[in-house]
Amino acid sequence: MFTFVAKLRGGARGDDERRTDSTTDRLALARELATAGEPLRAAHHYSAVVEADPENATAHREYAALLAEQSYVESAARHYERALSLAGDEAVREEYASLLAEKGEDRKLARAAAD
């Protein structure tokens with residue numbers, strides 16, 4: 001049985017690749033796919049964006065939210081932490097704190113709230 005991440009490594013297919021000339025295009029496509037209920041395809045594009053542009057706080061945040069929705073809590077936490085390190089705005093902090101509270105990570109939650 002494939003895991004979500006193993007499937008993700010298989011990549012996007014066909015038109016997805018032709019439609020994504022830049023990280024901006026790819027981020028927009030990831031959003032469209034996530035909204036359309038296609039988390040695997042969306043994750044493929046979010047992953048490509050954060051790999052190509054590791055300083056993109058928005059991509060890390062949105063990817064983290066998608067991963068959290070798919071119950072990939074550890075991966076989501078890593079991307080929330082990266083988003084916080086790049087642009088520690090209140091919305092990211094709240095989303096990350098919510099994820100940690102759901103997971104029962106009291107120490108990390110306290111640290112995230114304090115930062």
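Predicted model: local features only at pLDDT ≥ 70, side-chain atom pairs only at ≥ 80, totals over all residues.

Residues are numbered from 1 along each chain as its sequence is written, and side-chain values use heavy atoms, with hydrogens and water left out.

The structure contains five salt bridges, each defined as a side-chain nitrogen of Lys or Arg within 4 Å of a carboxyl oxygen of Asp or Glu.

Select Glu 62 and Arg 31 to begin; their side chains form a salt bridge at 2.8 Å, N to O. Glu 62 belongs to helix α5 (residues 57–69) and Arg 31 to helix α3 (residues 23–35), 31 residues apart. Helices are DSSP runs of H or I with at least four residues, numbered from the N terminus. Arg 31 is partly exposed, at 35% relative accessible area.

Next, select Arg 82 and Glu 55, whose salt bridge spans 2.7 Å, N to O. Arg 82 sits in helix α6 (residues 73–86), whereas Glu 55 lies in the loop between α4 (39–52) and α5. Arg 82 is partly exposed at 28%; Glu 55 is exposed at 52%.

Finally, select Glu 95 and Arg 61, with their closest N and O atoms 2.4 Å apart in a salt bridge. Because Glu 95 lies in helix α7 (residues 90–103) and Arg 61 in helix α5, the pair ties together parts 34 residues apart in sequence.

How values were computed:
Helix = DSSP H or I, 4+ residues; strand = E, 2+ residues; numbered from the N terminus. Buried < 20%, exposed > 50% of the residue type's maximum accessible area, 1.4 Å probe, protein only.
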